[in-house]
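Colleague: I would like to learn how to read a model like this one, feature by feature. Could you take me through it?

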Amino acid sequence: MFKNGFNIESALWRVLGFVGDLAILNLLFILTSLPVFTIGASVTALSSVQFRMIEKRSGRVAGDYFRAFRENFKASTVLWLVYLVFLAICVLNFLAVYNTNPENRNVIMVVLGIALFFVTMVEMYSLAMQARFVNSLKDTVVKAFLVGLSGLPYTIVMVLVIIAAVGVSVRTYTAMLFAFPIWLVLGFSLIGYLCNLMYLRVFHKVTAKQDLPEKTIFDAPERENYRSGDRRRSLKRREKEAKMAERKKK
């Protein structure tokens with residue numbers, strides 16, 4: 001038993017290696033998210049590396065993270081900033097309804113809550129798909145909505161997990177003191193890992209369906225084997241092939 005503890009193939013070493021990778025990813029996520037406007041790219045980079053971890057294809061954690069962060073920076077930042085605009089609109093509407101206290105306030109609050117849920121769902125899936133698939137921004141957003149709906153139970157669980165984790169952490173001053181070191185060391189990457197497990201389940205579930213529209217995310221090549229230039233050329237080639245196929249049908 002003692003000898004097995006020093007065997008790098010043992011379960012103990014695999015667990016320690018996994019926790020170590022999560023700690024590294026957590027630190028990188030925090031550092032790259034400090035400017036706030038880069039959070040979208042940080043989430044995408046985190047998902048990209050953790051998808052590889054889940055599928056047992058991980059390499060250098062830090063190197064893979066920075067590569068994904070750099071390659072997805074522009075698109076993910078646009079998605080994140082647009083989400084912040086919609087989030088600000090929802091919050092302002094919540095405050096306006098709360099302060100004015102109209103007769104149908106409860107109905108309006110419910111409608112705003114549903115709108116906020118779906119906007120958040122689209123943002124979450126857009127960033128995950130940006131890490132996984134090659135699509136234009138418009139296609140990513142549209143397909144994120146469709147995929148999020150198809151995996152709605154998983155979507156609800158992910159949102160509840162995030163809300164619960166944040167809610168428990170800020171519930172009291174004592175809870176904040178205990179939660180802060182956890183978030184600092186493992187919190188973000190651990191929550192991300194749980195969510196990415198569910199993202200992959202949704203992706204695999206929808207991939208198996210045969211009744212999807214022609215242009216779904218699964219027509220797009222996965223990002224893993226493409227460099228920046230290769231992805232752009234592949235995307236253009238696929239768009240061209242799709243247009244030719246449409247012409248033939250007509």
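Modeller: We can go through confidence, then the pocket, then the core.

Modeller: This is a predicted model, in which local features need pLDDT of at least 70 and side-chain atom pairs count only at pLDDT 80 or more, while totals for chains, interfaces and linings use all residues. Residues are numbered from 1 along each chain as its sequence is written, and side-chain values use heavy atoms, with hydrogens and water left out.

Colleague: Where is confidence lowest, and where highest?

Modeller: Where pLDDT is low, the predicted coordinates should not be read in detail. Here pLDDT, the predictor's confidence in each residue from 0 to 100, has a mean of 83 over the protein, with 79% of residues at 70 or more. Helix 1 (residues 2-5) is lowest at a mean of 51, and helix 3 (residues 39-54) is highest at 94; helices are DSSP runs of H or I, at least four residues, numbered from the N terminus.

Colleague: Which helix gives the most to the lining of the largest pocket?

Modeller: Rolling a probe the size of a water molecule over the atoms shows where empty space is left. Helix 8 (173-207) gives the most to that lining, with 11 residues.

Colleague: Which residues have the most contacts inside the largest nonpolar core?

Modeller: In soluble globular proteins, nonpolar side chains tend to be buried together. In this model Tyr65 is one of the residues with the most contacts inside the core, and, leaving aside neighbours within four places in sequence, tyrosine 65 is in contact (heavy atoms within 4.5 Å) with residues including Leu25, Phe29 and Val49.

Terms used: Helix = DSSP H or I, 4+ residues; strand = E, 2+ residues; numbered from the N terminus. Core = buried A, V, L, I, M, F, W, Y, C linked by side-chain atoms within 4.5 Å. Buried < 20%, exposed > 50% of the residue type's maximum accessible area, 1.4 Å probe, protein only.
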